[in-house]
Amino acid sequence: MALMILPVVGSVSVSESLLAMTTVCVVYLLLRLFRSDIPKGLRRLPGPKPLPIIGNVLEVAGNPHLSLTAMSERYGPVYQIHIGMRPVVVLSGIDTVRQALIKQGEEFAGRPHLYSFQYINNGKSLSFSSDKAGVWRARRKLAMNALRSFSSLEGTEAGYSCVLEEHICKEGEYLVQQLSTVMKASGSFDPFRHIVVSVANVICGMCFGRRYSHDDEELLSLVNMSDEFGQVVGSGNPADFIPFLRFLPGRTSMKTFIDINARFTSFVQKIVREHYSSYDKNNIRDITDSLIDHCEDRQLDENSNVQISDEKIVGIVNDLFGAGFDTISTALSWAVVYLVAYPEIQEKLHQEMNNSVGMEHTPRLSDKPSLPLLEAFILELFRHSSFLPFTIPHCTTKDTALNGYFIPKDTCVFINQWQVNHDRALWKSPSSFSPERFLNADGTTVNKMEAEKVMIFGMGKRRCIGEAIGRTEIFLFLAILVQKLRFHELPGHPLDMTPEYGLTMKNKRCQLCASLWEQD
Ligand code: HEM
């Protein structure tokens, strides 16, 4: 075939012709090499045809959660796209996702080697690194134990069921004061700007035993970088798959990303160093101390005798801190935006609070059973906003098959949580915001079966380890805000609910107003 096209090329030398033929042959052989053989009885993955070099980037870019949802309608719940030259399998549909992450959990529990991931936590991240299964499992267990033991510690003051409740209630009350003060001084506020500090203070309290003022420059510059972090590690970032894009200038270029991670790590390292110098085995103050304590007992996984470096153990605190403030502050910032967008729901939530808890005492976890509408509002917030549209990318740990399609080892896998939460087969009118969909007919309890359909914490082996803390924090902060403050638009500044795509999709930064209910 190559010989047939030679005459039309014109006056080319023999060596040029040979070179052209060799190139065509090499490319052909390479393509054959990468096109894996399909075992008997299994099918090749369906999906859109990729363009050379860039693959399907043009069809995916912008809002991958929407474009990949549209593709799932065309190709089904398991299909393949190419980002650059790299194949990526995309999973949607609750049954397929459950099959992969729960029934075939081991096979889909890996993390891919992505360029950006190596800069997170110096490549030692529990959440993003492609550690061997034994190392990851041992670190995950350690992190879960540390979280469990600290979140269930008794509060320092009477009246709190645990230290986590105490931290959240105090920060929530302070947030109300802070927003009221800013309202008096400036007439409006950016919800994310203040919520993120309050939420960061809860996780700082648990991890480092300290809190920061709402004007602390170091903490502010750190937490404000989370937008850029999420934009780079969100599923489908072309720079992770097409090397030359890493060097293009721009706001979310790799250089900025590397810088963000270095600053974040050095912030945590400084605190960890201070903890090492004042560490006392008989007085474990916080999660950092508890992890240092574990460094002395290195044989963490009795079954596989896995050895983990001190650096990796202490690095866990970096993961917990990072995951613990960005997700929760994004959720709460969206919650305030939804309260403003749906004032009649805000009114009902406040009424429920007034009737069940009253205005005198700060809401507690024990009030949850009497606040079903608030719980339903949070579930609908998770579902409708799907602010974590994809899980962190997964990777197959061995050759496998799903729904009859062959998926080779080391294939990058995207799990489309947004699709599950907006699937017409699962939800009635998925695009309308209706907390009532989660209430039983008499409106007094939450329908657990409906609640379990919402997918925002992932599922299976890699399921979020901070889920219980996340749910507790969102419930308590929101209960306190709904009890005390009525949020509304700043006149002349209509609300824009379009999300900004990233690992966590944020609401557009905006100015809102709030007044104390008792003053209305
Ligand atoms: C509303 C709050 C939160 C949401 C929606 C959320 C969601 C998620 C999701 C979707 C994943 C990825 C699951 C996967 O890859 O399949 C994840 C992983 C993780 N989350 Fe969360 N998260 C939240 C809060 C937290 C908190 C408060 C912490 C810690 C204090 C935390 C720690 C982690 C860690 C360490 C992982 C990695 C687990 C692993 O790779 O084994 N998260 N989370």
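Colleague: How far is an oxygen atom of the ligand from an N or O atom in the side chain of Arg-140?

Modeller: The model is a predicted one, and side-chain atom pairs count only at pLDDT 80 or more. Arg-140 is listed among the residues that come nearest to the ligand, together with Arg-111, His-394, Arg-462 and Cys-464. Between an N or O atom of the Arg-140 side chain and a ligand oxygen atom, the distance is 2.7 Å.

Colleague: Which residue has a side-chain N or O atom 3.0 Å from an oxygen atom of the ligand?

Modeller: Polar contacts are taken within 3.5 Å. Arg-111 has a polar side-chain atom 2.9 Å from a ligand oxygen atom. The residue at 3.0 Å from an oxygen atom of the ligand is Trp-136.

Colleague: Which helix gives the most to the shell around the ligand?

Modeller: The shell holds 15 nonpolar, eight polar and three charged residues. At least two residues each are supplied by helix H6 (133-151) and helix H13 (310-341). With five residues, the helix that gives the most is H13.

Colleague: Which strands are the edge strands of the open sheet?

Modeller: The sheet has four strands in the order E1-E2-E8-E5, with mixed pairing. An edge strand pairs on one side only, and this applies to E1 and strand E5 (394-395).

Colleague: What residue stands opposite His-394?

Modeller: His-394 is also among the residues that come nearest to the ligand. E5 and strand E8 (residues 412-415) run antiparallel and are joined by two bridges. The residue in E8 opposite His-394 is Val-413.

Colleague: Which residue takes a positive phi in the hairpin of E1 and E2?

Modeller: Strand E1 (residues 78-83) has five of its six residues buried. E1 pairs with strand E2 (residues 86-91) in the antiparallel sense over six bridges, and Ile-81 has Val-88 in E2 as its bridge partner. Two residues lie between the strands of this hairpin, and the one with a positive phi, near 65°, is Gly-84.

Technical notes:
Residues are numbered from 1 along each chain as its sequence is written. This is a predicted model: local features need pLDDT of at least 70, side-chain atom pairs count only at pLDDT 80 or more; totals for chains, interfaces and linings use all residues. Side-chain values use heavy atoms; hydrogens and water are left out. A residue is near a molecule or strand if one of its heavy atoms lies within 4 Å of it. A polar contact is a pair of N or O atoms within 3.5 Å; within protein, one must be able to donate a hydrogen and the other to accept it, and residues adjacent in sequence count only if both atoms are side-chain atoms. Ala, Val, Leu, Ile, Met, Phe, Trp, Tyr, Cys and Pro count as nonpolar, Asp, Glu, Lys and Arg as charged, and the others, Gly among them, as polar. Buried means under 20% relative accessible area, exposed over 50%, partly exposed in between (1.4 Å probe, protein chains only). Two strands pair if DSSP finds at least two bridges between them.
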